[in-house]
Amino acid sequence: MSVIEVQGVSRSFVVRRKVGWLGRERETVHAVRDLHFGVERGEMVGYIGPNGAGKSTTIKMLTGILVPTSGRLTVAGMVPSTQRTALARRIGVVFGQRTTLWWDLPLRDSFDLLRRIYRIPDARYRANMATFTELLDLAEILDTPVRQLSLGQRMRGDIAAALLHDPEVVYLDEPTIGLDVISKSSLRDFLRETNRERGVTILLTTHDLVDIEQLCSRVMVIDKGSLVFDGSLDGLHALGDARRTLVVDLVEPGEPIRSLGADTVKVEGPRQWLTFAADTSAAPLVADIARRYQVADLSILEPSIEDVIKQMYTRTPREG
Amino acid sequence: MRATVSLWFAVAKRSFRRYSTYRAATLAGIFTNSVFGIIICFVYIAVWSENPGAGGYDAKDAVTYAWLGQAMIMTVAVWNGGATDDLAARIKTGDVAIDLYRPVSLLGWYLASDLGRALYHLLTRGLAPTLVGAALFDLRYPADLLLSVQFAIAVVLAVTVSFGVRMLVSASAFWLLDDTGVKHLAAIFAMFFSGLTVPLVLFPGWTGDLATVLPWASYLQVPADIWLGKHPGTDAWAALAFQAAWTIALLWLCHLVLGLANRKVVVQGG
């Protein structure tokens with residue numbers, strides 16, 4: 001059985017809008033509609049979508065602080081909204097833009113409070129603290145009040161806090177937001193290791209596609225409340241009709257190159273850019289050009305996942 | 001059960017420590033309380049010299065009452081503040097979602113936190129100005145050990161009653177998003193009906209009768225009357241029972257309101 005099961009889950013909100021002086025208008029907003037997915041134990045799944053697509057709404061329903069309007073949803077065999085307290089002991093959450101730590105207290109005190117809240121056995125607590133202190137480099141900041149921590153330090157503290165009680169499932173809502181490149185990279189290393197060593201199931205929302213590329217074998221894309229893609233990263237690449245780009249440096253500037261199925265999109269002196277379908281091989285094209293032109297250099301640019309997703313967002317028709 | 005008690009104790013301890021980090025604010029507050037204590041003493045001395053025995057107090061009672069008032073202002077958080085303000089702020093920012101999903105009682109958490117704060121304020125903003133008052137004026141002290149113990153219980157219950165009221169005020173933010181207006185209104189009621197401006201014993205006729213049964217009487221009038229020995233014998237226990245009754249009623253109401261708030265957030269989506 002999947003550790004997270006979501007079957008036909010929808011969530012709508014009734015929004016009251018002021019109209020004119022006294023009038024009020026009720027409007028139903030569909031935050032997510034008819035979501036279907038399952039996550040297996042030990043999976044690390046990326047959950048992406050533009051702002052307002054329904055990512056946070058989904059996470060809130062998975063923690064039980066929001067009930068679905070319709071549909072069925074279980075996490076670790078429990079219904080989150082009715083068994084929120086019991087479930088809370090088995091899941092961990094990191095909200096990138098909020099902190100679960102106590103602002104005025106040293107980091108160490110936040111951990112101690114969490115130990116009591118989740119009733120973590122002493123031996124487990126000590127072992128986890130030792131591991132996280134080492135892997136997340138917490139030793140130097142344990143006695144610093146949280147309000148004095150940098151964003152990167154605070155995020156490390158928050159991640160440790162979410163994992164302290166050995167949750168089976170962890171939701172990370174934009175854990176790398178606002179972090180510098182080095183902090184992001186060390187955080188990713190830690191998450192990869194946690195997922196592998198502890199077998200923790202991780203659902204990760206992010207706007208940073210490098211997170212997905214480096215961590216997740218599976219990615220779900222949500223847009224305007226609906227799941228528009230669920231599959232592997234390669235599958236996502238294939239789905240987009242993004243094109244690969246061949247950059248050709250000719251020995252001398254010349255006419256735009258004409259070749260098999262490629263479009264010359266830009267000419268700048270001796271350098272020319274040609275695009276071709278992402279699912280075709282570059283070899284025949286390169287051979288053809290090398291045969292017919294005086295080529296100084298060649299290079300190929302792969303479509304970034306970002307381009308693929310950008311296309312996906314713009315392709316789905318807007319509703320409402 | 002033991003784990004829960006130890007959690008609340010840890011929360012209270014952390015809260016105490018948190019307030020103790022703001023030393024300058026504490027010192028400034030002690031100075032302010034002392035100055036106001038002196039001013040109010042002179043006013044009371046003037047009133048009681050014109051009208052000795054007003055409200056059943058003599059001048060010495062009145063002067064002592066003035067200092068007890070200063071000691072209780074921050075301890076019960078007459079003008080709001082304390083852990084309940086944290087809740088209101090967290091509702092506004094949405095951080096309350098984190099509180100809701102934790103496997104602990106919201107009410108227990110904030111009560112423990114507020115008790116830790118109250119103890120800190122009692123030991124600093126309560127005790128220090130009282131020492132100033134004792135040095136400058138002739139004060140009355142509890143007649144015996146029993147009265148001191150009863151006074152200590154009265155102070156704890158004063159905090160729990162005021163916590164209940166403040167919690168309801170803060171919880172209004174679940175519906176209003178901003179509790180500033182409600183807070184101002186509540187502060188005016190609390191200042192007037194706690195007896196902080198004028199002892200409730202001076203309220204004339206039915207206003208006096210009404211004021212003594214409202215929850216705010218628990219803030220200052222009840223503890224002060226126990227300290228001054230105005231509740232002889234079993235009357236002191238009755239006064240404590242009055243505070244306990246309001247504590248239970250208010251905490252129960254808080255429990256209901258937080259339940260509704262929880263439903264609102266979870267079902268309607270905030």
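Predicted model: local features only at pLDDT ≥ 70, side-chain atom pairs only at ≥ 80, totals over all residues.
Reader: What makes R14(B) and D112(A) a salt bridge?

Author: Their closest N and O atoms are 2.7 Å apart. The rule asks for a Lys or Arg side-chain nitrogen within 4 Å of an Asp or Glu carboxyl oxygen, so this Arg and Asp pair qualifies. R14(B) sits in helix 1 of chain B and D112(A) in helix 3 of chain A, so the pair joins two chains.

Reader: Why are R14(B) and D112(A) called buried?

Author: Buried means under 20% relative accessible area. R14(B) comes in at 8% and D112(A) at 13%, so both get the label.

Reader: What separates D114(B) and R117(B) along helix 6 of chain B?

Author: About one helical turn, because they are three residues apart in that helix. Their side chains meet in a salt bridge at 2.8 Å, N to O. D114(B) is buried at 0% relative accessible area, and R117(B) counts as buried at 1%.

Reader: How do you know that helix 2 of chain B has close to its expected length?

Author: It has 28 residues and reaches 41 Å from first C-alpha to last, against 40 Å expected at 1.5 Å a residue. Its buried residues, among them I30(B), Y44(B) and W48(B), pack against helix 3 and helix 6 of chain B.

Reader: Back to the two chains: what makes up the contact between chain B and chain A?

Author: On the chain B side 28 residues touch 30 of chain A, and the buried area is about 2500 Å², 58% of it from carbon and sulfur atoms. R14(B) turns up again here: with Y101(B) and P103(B), it supplies 31% of the area chain B buries against chain A, more than any other three residues.

Reader: How many salt bridges cross that interface?

Author: The rule finds five. One of them pairs D104(A) with R18(B), with 2.9 Å between the closest N and O atoms.

Technical notes. Residues numbered from 1 in each chain as written. Chains lettered and ligands numbered in written order. Heavy atoms only, no water. Contact = heavy atoms within 4.5 Å. Buried area = accessible area lost by both parts, 1.4 Å probe. Helix = DSSP H or I, 4+ residues; strand = E, 2+ residues; numbered from the N terminus. Expected span 1.5 Å × (residues − 1). Buried < 20%, exposed > 50% of the residue type's maximum accessible area, 1.4 Å probe, protein only.
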